[in-house]
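Me: I would like to go through a two-chain model feature by feature. Please give the general idea each time, then the case at hand.

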Amino acid sequence: MRGAYRLNSGGRLDRDRPLEFTFNGRIYSGYVGDTLASALLANGVRLVGRSFKYHRPRGIVGSGSEEPNALVQLGKNPRTSPNQIATQIELYDGLSASSVNCWPSVKFDIRSLTGMFSSLLPPGFYYKTFMWPRFLWGLYELILRRSGGYGVAPDMKDPDRYDKINAHCDVLIVGSGPAGLSAAVEAGRTGARVILVDEQAEFGGSILNANENYHKSHGMNWVSSILDELKLMPEVTLLPRSTAFGYYDHNFVGVLERVTDHSSISDGLSPRQRIWRVRAKEVVLATGSIERPLVFQNNDRPGVMLASSVSAYINRYAVKLGSSAVVFTNNDSAYSSVLDLLSSGVDVAGVIDPRPKPNGTLPNIVRSHGVPIFDSSVIVDVKGSKNIRAVELMNIDYDSKKIYGKSHKLRCDLVAVSGGWNPTVHLHSQSGGTLRYDVSKSCFVPGINSQNEQSVGSCNGTFDLKECIDDGIKAGSRAAYATGFGVGEWSENTACTDFQTEDPLCPMWKVPSSGNESKWTKQFVDFQTDTSSSDIYIAAREGYESIQHVKRYTTLGMGNDQGKLGNINGIGILADALGQDISDIGTTTFRPNYTPISYGALAGPDKGILFDPVRKTAIHEWHEAAGAKFENVGQWKRPWFYPRGREFMEEAVERECLAVRESVGVLDASTLGKIDIKGPNATDFLERVYTNSWRKLQVGQCRYGLMLGEDGMVMDDGVTAKLEDDHYLMHTTSSGAGNVMNWLELWLQTEWPDLNVYLTSVTDQWATIQINGPNSRNLLSKICEGIDLTNDAFPYMAVRRGVVAGVQARIFRVSFVGELSYEINVNADYGLHLWESVIGAGKNYGITPFGTEAMHLLRAEKGYVIVGQDTDGSMTPSDLGMNWIITKRKDDFLGKRSLSREDSIRTDRKQLVGLITEDPSTVIPEGSQVISSSSGSVPVPMLGHITSSYMSPTLGHSIALGFVEGGHSKLGEKVYVSINDSKVISAFISNPVFYDPQGKRQDV
Amino acid sequence: MLMIDCPWCGNRDESEFMYGGEGNIVRPQDPESISDDSWSDYLFMRKNTKGLYMEQWLHSYGCRRWFLAERETVSYEILNTHKIGEINPESKS
Ligand SMILES: [Zn+2]
């Protein structure tokens, strides 16, 4: 049952719970506690994918989120996910995965042939190739798209649920290694609210992978004791399987929790993933460090692995990785991997170390085990392709960094490498903190902080275990104290380990070549993008000096691992190529997300019907039952038209329009914006925000108003009614209501605090029903009590209170369609009742409900503009032919000064006109351009454009509204509307009021 | 996402607020008496400072009050927030 390369004992596996899974169509087995990567290695699967550019065979290099090669397509449609990192996938029963980026199979890949022509794919290949000739771009794209690509996106709807949660805490701790756990327990003991997150399934960080004793007992015993204490603290939240992926402003940290990804069976309740939006007063980053690979010829062969990962696979996953290994390192830490290899029964053929006579504690223990140490040596080549057969060594001079002497071979099938450690500074950098190059440690470490954050442990360049724990304890105490918990003192480090001496690391960004560094080599810096060291030398030779430019030119670090392994080596190589200090080169920008995040998690529950609020009027269900087609107006659903039987839209709209013109139609206008204006200075306020005068308006009267921005451009319009001396009701457009409210409040609060005026949005409180047409008075008289409806008693532009259908109502005699009209407002709770009463009372008149389309057509016949459809924020009242609404007597109103600006008084501004086509049956498409001539060379000067266009059932010909340069002085002139290069429509400029220009019909 | 200290409600997430551009710009007392240039300066010209910037924000999903915030445009730190009228505005003309 167990894999052939599984050790008999050890590891953090549940050997009582075996699992079965499929990789590239073959069935394998593993245990609970495995990752896909460890289970594959335990089954002897080394070849997991092909590289992106040259399609070279690749194997597993790492054991965590740094893994560049082992990207798999996980699961099947609809749950398939591309580019999942095998080292981060917890194994579950029935898991199914396959390699990405290889065809026809991982073992035989046709495109690996491109490896033979790799000198034809130099850095900047894409830029150079695509310069010229342009007609070949399509061909290049076809070829490259077929040979590139990482997996496939699912093409079915995601069946899983995703969640988001907002969380606030005093101290957020990222990472649960020695430093993070120490910080968490120290902060937790003060009573502070603590959240501890870790991307792994188990807490412990590097302790999980190591075989180290803490205070004479295994490190995991220490972890267990800390966790036991943390679990008892009521203010502490522990989040395993949770990646802090982004550090944003004001200590806002995004955390992705993988809730059920590790399980094949869903409980039906839990979401698949959950994003925690954490706002922390203090953040402690204990994110650890990532081992740096060494760069040498054929360093990408399957079987070349990070030394720390070799240890992880042995200690945590009980995998026997080979039969004979060599360890290539420039520092002491990898010597512990030698001991791990020996304990797992792997022969170690030698340690290759560029330093002369390494003499630290660990090298001396290794020596005592009889393992040969080849000092002052480097690996110059790896023999074997899909499996390693041997490595080739040469001597190196420590000071001049030159290789010399004769090479010789060491037989092996596994190479563990360590080029030092890169602190995981991603989150610190994202928070705005600076980085500093530490020469003695040969790595970038956190510099100056920008937010309330501290880095501790190896992410801060602290690699000694005792110091990591010491610093973690202090950081936890300090963070808690900063948020008002504890007394600022800290406990003693009782987990302390034995002191070890270490020799300094020998910085080595690549193994030196014997010849020209720009000659193409197979010394890979970035495995995922196939960037080799020679690519960087070539970029430098071609004049690239900034690491940001070199990154884009060579694609270094542009894979979805964002160069976690390769970037720092690349920066070191560039420094060498340019003869500069690495600290002068700096790093590329660390951007969220630390590891890839699914779109499902980002969207969370905000999809489908929950994506945006839907606003429905009180009468919505009646419209639905009547079969109305709806239109979205902002968040509102408005009836668009009411088809009868099998009517098409045009037929329905024509019928609805004629009903309004000939008898009576009814419109649900509840979405109209309504602002209640109250206070002793209400009239002064209206004087300032509208262009016309409000002083002489009597209680019971209404007036149309035009609202301008300070730039003099029309912003909104509507009718305002005077209900009392200090009480008005303002109507705004349906879609502009929110903006107008904010705009009015801005002026009241910031410029005119002296005005005693209160604004209240009452849009939702009132249902608004408009009855329009010559029979509307007859209809209303059947259901209205207490109001004299005669034209003298209740004239056009008046407002009255009364009872309609038994309900208290405000009735406004206003019209947007140019007929005798009444707009009845009642408490929204009675909206449906009133509507049904109106429909009932209108039976004899053939009352017809009509929608927004008919309403738009009817108002276009009257030449009324719709702000936001006909206007676009660049039209003055004068452009609309509405100079009549600008009161000369007022000293000031918002936008007034702008109306006399040089640009506002140009005579060739685009002005509102009507257009009547020469052929009455032709309807001009909205948005078309108006031109002056039907012939002439392209480009033709544009005179303006069409904003509204309809076939008018009342008039029997088409009508259009548009804006034309100097249009007001072009009445009767013939213009052309361009449809395409060969077709124009001829039309005459007319007055925009097509129907009842004297306005007699609304005033009867 | 910023954490903004509404002077009326206290600390709230940025998603509750609406940005209103540069704050404390005073409308000219007598617009008709000033030149097109001065009016255009009031209308269109904003400092867009690199550093400390006085902004106006609306707590739109809260108390619906406009207020002023001093924000550092490089670090995004908000140093202070003020109710309208608490600090003297600078006059543009
Ligand atoms: Zn507030």
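This is a predicted model: local features need pLDDT of at least 70, side-chain atom pairs count only at pLDDT 80 or more; totals for chains, interfaces and linings use all residues.

Me: How much area do chain A and chain B bury between them?

Reply: The size of an interface is often given as the accessible area lost when the parts come together. Here chain A and chain B bury about 2,400 Å², with 46% of it on carbon and sulfur atoms (buried area is the accessible area, 1.4 Å probe, that two parts lose on being put together, summed over both). On the chain A side, His250(A), Gln749(A) and Arg897(A) lose the most area to chain B, together 28% of what that side buries. The contact (heavy atoms within 4.5 Å) takes 28 residues from chain A and 27 residues from chain B.

Me: How many salt bridges are there between chain A and chain B?

Reply: Side chains of opposite charge can pair when their charged atoms come close. The count between the two chains is five salt bridges, each a side-chain nitrogen of Lys or Arg within 4 Å of a carboxyl oxygen of Asp or Glu. One joins Arg27(B) to Asp892(A), with the closest N and O atoms 2.6 Å apart. Another joins Arg897(A) to Asp36(B) at 2.7 Å. That pair runs from the loop between α22 (852-861) and β45 (910-917) of chain A to helix α1 (residues 36-44) of chain B. Helices (H or I, at least four residues) and strands (E, at least two) are DSSP runs, numbered from the N terminus.

Me: Is Arg897(A) buried or exposed?

Reply: Arg897(A) is buried, at 5% relative accessible area, whereas Asp36(B) is partly exposed at 25%. Buried means under 20% relative accessible area, exposed over 50%, and partly exposed in between (1.4 Å probe, protein chains only).

Me: Which parts of the chain does the salt bridge of Arg56(A) and Asp300(A) link?

Reply: The two side chains meet at 2.6 Å, N to O. Arg56(A) is in the loop between β3 (47-50) and β4 (57-59) of chain A, and Asp300(A) in the loop between β16 (289-291) and β17 (304-306) of chain A, 244 residues apart. Arg56(A) is buried at 9%, and Asp300(A) is buried at 3%.

Me: Why is strand β34 of chain A described as largely enclosed?

Reply: Five of the six residues of β34(A) (residues 673-678) are buried, so the rest of the structure largely encloses this strand. Two strands pair if DSSP finds at least two bridges between them. β34(A) pairs in the antiparallel sense with β37(A) (residues 727-732) over six bridges, and with β38(A) (residues 758-761), also antiparallel, over four bridges. Lys678(A) has His727(A) as its bridge partner in β37(A) and stands opposite Tyr758(A) in β38(A).

Me: Which residues of helix α7 of chain A are buried?

Reply: An α-helix has 3.6 residues a turn, so residues three or four places apart point the same way. In α7(A) (residues 335-343), the buried residues are Tyr335(A), Ser337(A), Val338(A), Asp340(A) and Leu341(A). Among the elements covering them are α6 (307-315) and β18 (324-329) of chain A. Gly345(A), which follows the helix, has a positive phi near 85 degrees.

Note on methods:
Residues are numbered from 1 along each chain as its sequence is written. Chains are lettered from A and ligands numbered from 1 in the order in which they are written. Side-chain values use heavy atoms; hydrogens and water are left out.
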